[in-house]
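Please look at the sequence and the model first, then read on.

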Amino acid sequence: MTLLNLTWKSLLNRKTTVALTLFSISLSVCLLLGVEKIRYQVKDSFSSTVSGTDLIVGARSGQINLLLYSVFRLGNATNNISWDSYQKISQHPKVKWAIPLSLGDSHRGFRVLGTNTDYFRYFKYGQKTSLAFKEGKPFSQLFDVVIGAEVARSLGYKLGQSIVVAHGAGNAALVEHDDKPFRVVGILKPTGTPVDRTLHVSLEAIEAIHIDWKAGVRLPGVSIGAEEVEEMQLQPKQITAFMLGLNSRLSTFHIQRQINKYKREPLLAILPGVALQELWQMFSIAEKALVMVSVLVAVSSLLGLLTLMLTSLNERRREMAILRSVGARPVHIFLLLTFESVIITFLSLLAGTLLYYAALILTAPYLQQSFGILLQIQNITEIQWIRLGLMLVVGSVVGIVPGYRAYRQSLSDGMAIRI
Amino acid sequence: MPEITVDTAVEITDLRFSWAPGKPILSVEKFQVPSSESVFIRGPSGSGKSTLLNLLGGVIKPDSGSIKLLGQDITGLKASQVDHFRADHTGYIFQQFNLLPYLSVIENILLPCQFSKKRSLKAQEMFQTPEMGALYLLQRMGFTESLINAKSVLELSTGQQQRVAAARALLGAPELVVADEPTSALDSDHRDQFIELILEQCRAQSSTLLFVSHDTSLEKHFDHRISLKPSQAGGYKL
């Protein structure tokens with residue numbers, strides 16, 4: 001029976017208090033791992049929302065604003081840009097492809113994006129992954145709609161479903177384009193990006209549903225039916241923004257400068273990566289606060305361990321005296337307590353990690369559904385290992401304090417047992 | 001390390017001890033115990049018994065004088081050396097609650113052999129393994145198998161617990177066995193029986209027994225008797 005064994009049996013003898021402390025440290029371990037996980041995944045899914053796009057062009061505002069409405073479908077464009085500008089720029093010899101984006105309508109809280117079929121060909125996310133269809137195909141008819149995975153899942157839409165688009169963004173009962181219903185022809189595979197929460201229609205469809213509208217309201221007395229509109233010239237006059245892919249990335253800054261100096265109308269071209277980085281910087285303070293809180297929780301749980309051990313010292317005077325009387329040296333007493341904190345911390349790390357994985361498995365579907373954050377079940381990352389390691393070190397160091405006190409105590413108490 | 005063979009197990013000379021200058025607690029002019037014999041040290045409470053035991057254990061140091069145990073002056077040893085010396089050569093039995101509640105009967109008895117290689121080796125010499133030694137001593141103390149296998153030492157009666165403590169103090173045949181009021185929690189019938197058991201084992205393994213108590217009715221069992229008495233200089237003297 002080694003000293004470690006003795007420590008273990010002594011711990012088992014104090015199951016309840018030890019278990020409570022263990023539980024509180026486990027929770028903080030779980031939190032430390034979880035916060036890092038969320039931070040990492042949010043950043044990851046953040047930066048993977050768009051890839052392979054060299055420039056995003058919109059009306060002149062701020063680059064974060066443009067990024068938010070064009071990529072994240074958040075907020076509204078300050079202004080539209082003309083179809084003419086889009087045509088001119090997309091025909092530039094250095095431009096490989098251009099995806100027009102037209103926003104402004106919604107369907108039950110999900111944004112409707114007007115675009116063309118180049119979107120399904122050129123738009124990439126994550127590690128330069130193209131969009132893939134789970135079912136169906138891109139839109140070809142005027143009133144066809146392709147829906148994102150999340151839209152299909154939460155609204156329970158299937159291929160062939162007929163839906164009505166509302167004017168404006170938001171969930172409230174807005175004026176609906178109920179005279180021109182759409183038919184679901186394609187459902188995309190999940191991407192973990194805002195694409196999942198978007199309905200895609202053709203630019204012509206956006207034009208068609210607004211043909212009898214002006215300045216946001218339906219023109220009184222004018223009603224053009226769905227069949228009639230198909231016969232009409234539906235060339236859009238303006239769009240919200242567009243994405244550009246260049247033949248060579250080297251020309252990115254050159255093209256960006258040209259667009260920003262465009263004479264006919266004030267345009268802004270941004271590099272998505274730079275804008276994403278800037279946007280992430282805005283979150284970094286929240287990120288730091290989150291990490292800070294989890295560190296504080298960890299510290300307070302370890303202080304709990306320290307309190308437990310220090311208060312138990314007095315009750316355990318007899319135990320120490322008995323050990324001294326059978327030949328244990330003060331250094332043994334010191335080790336006994338240090339081992340104790342190492343064992344408790346180590347077990348807490350194990351339990352906390354298990355708890356973390358359990359929480360991950362349980363909450364991942366909910367987080368994906370509510371916040372669009374995809375939490376992948378992965379191995380412990382390097383940063384997480386470092387946190388676990390630090391926790392073990394600090395937890396073990398915590399044991400030195402009561403260990404030293406017990407050491408001093410056993411020197412002065414000797415073998416005299418005080419009840 | 002050669003076996004220590006001396007005729008005097010304990011020898012205290014001109015010892016003085018005080019917690020504060022001018023307030024003597026204990027003084028011992030000359031105190032000798034021959035090897036393998038038993039001594040009854042009588043002292044009322046507050047007479048410096050614990051001080052004497054702490055001095056003999058090397059936990060505290062005298063202001064002056066020497067304490068020789070088995071020919072070794074422990075006052076000159078460093079704390080860690082004293083610790084080793086005590087673990088190797090002394091078995092202790094205290095008043096009550098001598099056992100660790102989270103260890104089994106056998107585990108409790110084996111504790112000294114965990115901390116002293118010397119005692120462990122001696123137990124092996126005598127009984128093959130320390131465990132066998134523990135079982136032998138328990139048997140001598142009148143333990144049945146079911147008692148030995150008791151789930152917790154807390155299931156045992158006080159008298160049984162004290163016998164486990166005695167077996168623990170005796171295992172590995174330490175040269176010195178110090179008993180501090182070990183019978184105070186026992187009723188009178190069990191007291192004499194308990195003392196006889198310890199004495200018998202001490203004789204069998206040539207251990208010197210120092211038995212401290214305030215109860216004079218017990219002194220008849222011992223080879224030597226001595227009292228702690230108030231001293232004119234203050235405190236008590238042996």
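## An aromatic cluster in chain A

One aromatic cluster is formed by Tyr119(A), Phe120(A), Phe123(A), Phe133(A) and Phe139(A). The rings of Phe, Tyr and Trp (its six-membered ring) count as a pair if their centres lie within 6.5 Å; planes under 30 degrees apart are stacked, over 60 edge-to-face, and the rest tilted. By this rule there are 17 aromatic pairs over all chains. One of them joins Phe120(A) and Phe139(A): their ring centres are 5.5 Å apart and the planes stand at 70°, so the pair is edge-to-face. Because Phe120(A) lies in helix H5 (residues 118-122) of chain A and Phe139(A) in the loop between strand S7 (133-136) and strand S8 (144-147) of chain A, the pair ties together parts that are 19 residues apart in sequence. Helices (H or I, at least four residues) and strands (E, at least two) are DSSP runs, numbered from the N terminus.

Both Phe120(A) and Phe139(A) are buried. Buried means under 20% relative accessible area, exposed over 50%, and partly exposed in between (1.4 Å probe, protein chains only).

## An aromatic pair in chain B

Phe211(B) and Phe222(B) form a tilted aromatic pair, with 4.9 Å centre to centre and 45° between the planes. Phe211(B) belongs to strand S8 (residues 208-213) of chain B, while Phe222(B) sits in the loop between S8 and strand S9 (224-227) of chain B; the pair links distant parts of the chain, eleven residues apart. Phe211(B) has a relative accessible area of 1%, so it is buried. Phe222(B), at 4%, is buried too.

## Basis of the model

This is a predicted model, in which local features need pLDDT of at least 70 and side-chain atom pairs count only at pLDDT 80 or more, while totals for chains, interfaces and linings use all residues. Residues are numbered from 1 along each chain as its sequence is written, chains are lettered from A and ligands numbered from 1 in the order in which they are written, and side-chain values use heavy atoms, with hydrogens and water left out.

## Chain A as a whole

Chain A contains 13 helices and 17 strands. Its radius of gyration is 31 Å, well over the 22 Å that the globule rule gives for 419 residues, so chain A is more spread out than a compact globule. This radius is taken over C-alpha atoms, and the rule is 2.2 Å times the number of residues to the power 0.38. Along the principal axes, the C-alpha atoms of chain A fill a box of roughly 105 × 45 × 35 Å.

Of the 419 residues in chain A, 50% are buried. Among contacts in chain A with a separation of 6 or more, 79% are between residues 24 or more positions apart; contact means heavy atoms within 4.5 Å. The accessible surface of chain A is about 19,700 Å², and carbon and sulfur atoms hold 61% of it. Accessible areas come from the Shrake-Rupley method with a 1.4 Å probe; for residues, only the protein chains shown count as cover.

Which residues of helix H3 (residues 63-70) of chain A are buried? They are Ile64(A), Leu66(A), Leu67(A), Tyr69(A) and Ser70(A). Their cover includes strand S1 (55-59), strand S3 (95-107), strand S16 (241-246), strand S17 (267-270) and helix H10 (272-315) of chain A.

Val342(A) is in helix H12 (residues 330-371) of chain A. With a relative accessible area of 30%, Val342(A) is partly exposed. Leaving aside residues up to four places away in sequence, Val342(A) touches Leu392(A) and Ser396(A). From Val342(A) to Ile400(A) the distance is 58 residues in sequence and 9.9 Å in space, C-alpha to C-alpha.

## Chain B as a whole

Chain B has eight helices and eleven strands. For its 238 residues a compact globule would have a radius of gyration near 18 Å, and chain B agrees, at 18 Å. The C-alpha trace of chain B spans about 55 × 40 × 30 Å along its principal axes. Buried residues account for 54% of the 238 in chain B.

## Two residues with positive phi

Lys128(A) is not a glycine, yet has a positive phi of about 55°. It lies in the loop between strand S5 (124-125) and strand S6 (129-130) of chain A, and is exposed, with a relative accessible area of 52%.

Glu181(B), also not a glycine, has a positive phi of about 45°. Glu181(B) is placed in the loop between strand S7 (176-180) and helix H8 (188-204) of chain B. Is Glu181(B) buried or exposed? Its relative accessible area is 7%, so Glu181(B) is buried.
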